[in-house]
Amino acid sequence: MLDTRIARRTALMGAGAVAAWLASPARALMQAVGQVQSPAFVDELISRMTLEEKAGQLSLMASAWGGGVALSLNPASAGANFQQQVEEARQGRLTGVFNGNGATMARVMQTAAVKESRMKIPLIFAADIIHGHRTIFPVPLAEVASFEPELARRTAAAAAYEAAGAGIDWTFSPMVDVARDARWGRGVEGGGEDVLLGRLFAAARVQGFQGGDLKSVDHLLACIKHFAAYGAAESGLDYNTVDMSQERLREIYLPPYKAGFDAGALSAMASFNEINGVPSTGNGWLMNDLLRGEWGFQGFVVSDYTGDEEMIAHGFAKDGRDAARLAFLAGVDMSMQSGLYREHLPDLVRSGAVPQAKLDQSVRRVLALKAMLGLFDDPFRRIDVKRESARSMLPQTRLLAREAGRKSIVMLKNDGDLLPLPRSGKKIALIGPFASGPHDLVGPWVVYGDDAKAVDLAAGIRAALASKDSLIVAPGSGVEEPLAGGIAQAVAAARAADVVVLAIGEGANMSGEAQSRTEIVVPEPQQRLAEAVAAVGKPVVVVLKHGRALALEGAVANAQAILATWFLGTETGNAIADILFGAASPSGRLPVSFPRSSGQEPFYYAHKSTGRPNPPGPLEPYKAHFRGIPNSALYPFGHGLTYGKIDYAAFTQSAPSIPMSGEIEFTARITNRGARAAEEVVQLYVHDRVASLTRPVRELKAFRKLALAPGQPEVVRFTIRPAALSFVGGENKLVVEPGTFDVWIAPSAESPGVSGSFDLLA
Ligand code: BGC
């Protein structure tokens, strides 16, 4: 095992650690972060500001520096030039900029703001630090496959350390939108389909980014996005309508946001979508009543890009002025990119359409956060060119990226123990558009990372092989286009080799914003390549690159071994080689269900039963399934194999029934009967048989990650209290109802594992 820090008998951070976390001093610290103190000088500043300066403090723009990285990441915008933007800082028309480039840019702008503007209020510098700054970690969805929130905390902390060193104060992250339709392209940025994982990773990422003190030059202000239910877009079409019951919203979609705020996040981004007819950006119930009222959020809310202006296209606002008024009154404190607030807020206040006190309150929130970030003490505290390069891509950060990469890989299949491959004695044909080259490595949503500084698969494999001559590389195909002569060359390579590693899947631009797909399959030219290579008859290991669950077909699905490797970032090739050659046993588990066919989407394990479920086995007429395929996954949520052989046995429970005030313990004996060390993610699922509102067929309630030596058994214990069995009942309140519950301790959401049931008494 590469990770010697994992003691052999140690149960790693899992849902069982939640209780410990709730009681921990670290949480108390984070909660202290979650409280906003507005220093007295903030009110004194506000008393001297003009309406225009106030509106300026609520206006954030994409950085225009050097052509503007920001502008290339988003739809075409005003195309400001840098000198013009510096002038805006001088005039107090800007609160800050985002996705600009580094400390040099920040110094020029901050100097204009604090030395040359009338109020001398520092700017805030924001960026999409989604999965790394210069060192790029696995995409967020991949990292969830580790089932190790602590890993996400560490990578977020490392990303914050690099980014804060480069003049950045605020990240537009984490994205915590639950996503249950793999056609949606932005699932790649989030926590997957499950509520428990979504909550744990949201909290862990906030802790990593923010640390315990926002003034620290090692940390960033986190932003929970996209509030709310952005991941529930109808048919997975990005930006599309959301229409859902309060119960579903509160039970499935809201908890990860809440977990992020409870962990101390002090900014939030309103989502692009509408919910039940009201765009989030103009949704007063969402931001004023729920977020601030019910949840007590004290930070500020920013629009997502031109979300305020987009309410015109939604058919909710009649023009820019109306959009600014609606967004502001609904609780969006800061407008990103549209410029509508600085254009209209002063006059909206003068005309009485927006109360002056409300404007002051939003400015107070923003200035209080700037104070908490230490910007009034020293506006240049994070702006230091030397520190920027001194912190960039350090060896220990790359090592962390490699560890995170390894832990994100899920082995879907390994027939005949084809993997791990030997380091010598076999000729390997590495085939596919993702075999080599500086592309598609860092993945989607990267502002500052660089494919050219990342390790491709060929380099990773070469470094692991005893002899460099045993590797033949052939691209075989483009990502979405065939390559002239590619298949013939790939087939020749396969013939000359003992084993094929087929690196295929989605390009980085096929997931992320506005990248919804109707068919979530391997693109056709690559599928053809896979069929031709499989026909050669050599054993094939498929190494998938992807930002979502895929519906695998034909030769890809039938390959002897399949690794789901997502986008792993800077250390892609090394991390995959660690798994391919057995330096580490695969330990990732699917955070999203892989369907049998695209048409099953939205597809997720915690679905309802329906009145006509088709039991496992043959398809039955007039039962819930699509023509010709079972209503189950190709690879279910939670699935993932190891190089060990893991056996589940000896289920026990501490009692047949418990009272509402009680608790119940379940145990199972997990044994590694294989010859290699392995890590197993042991999952506990529950099903409430009868309730006043129907319940999902299974829900993940806890998990543990175990390190098991060959031959080693370990008894895993889970304690469940009735509160964990609650759901959102009538009147939008959490209820716990008595009744019978099924319990599984299992290696995936569809595995029978070992099981029992108990009664919760009234
Ligand atoms: C995205 C956000 C992102 C923002 C700024 C928007 O298009 O939806 O997630 O933070 O751009 O780059």
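I took helices (H or I, at least four residues) and strands (E, at least two) as DSSP runs, numbered from the N terminus. The model is predicted, so local features need pLDDT of at least 70, side-chain atom pairs count only at pLDDT 80 or more, and totals for chains, interfaces and linings use all residues. Residues are numbered from 1 along each chain as its sequence is written, and side-chain values use heavy atoms, without hydrogens or water.

**Gln489.** I found Gln489 in helix 20 (residues 486–495). Buried means under 20% relative accessible area, exposed over 50%, partly exposed in between (1.4 Å probe, protein chains only). Leaving aside neighbours within four places in sequence, Gln489 is in contact (heavy atoms within 4.5 Å) with Ala474 and Pro475. I also checked Ala160: it is 329 residues from Gln489 in sequence and 44 Å away in space, C-alpha to C-alpha.

**Helix 15.** I counted eight buried residues among the 11 of helix 15 (residues 340–350), so the helix is largely enclosed by the rest of the structure. Among the buried ones are Leu340, Arg342 and Leu345. The buried residues pack against elements including helix 4 (51–57), strand 2 (59–62) and helix 16 (356–372). Just after helix 15, Gly352 takes a positive phi of about 85 degrees.

**Cores.** I defined a nonpolar core as buried Ala, Val, Leu, Ile, Met, Phe, Trp, Tyr and Cys residues joined through side-chain atoms within 4.5 Å. The largest has 107 residues; Tyr257 and Leu345 are among those touching the most other members. Apart from it lies another core, of 75 residues, including Val501 and Leu590.
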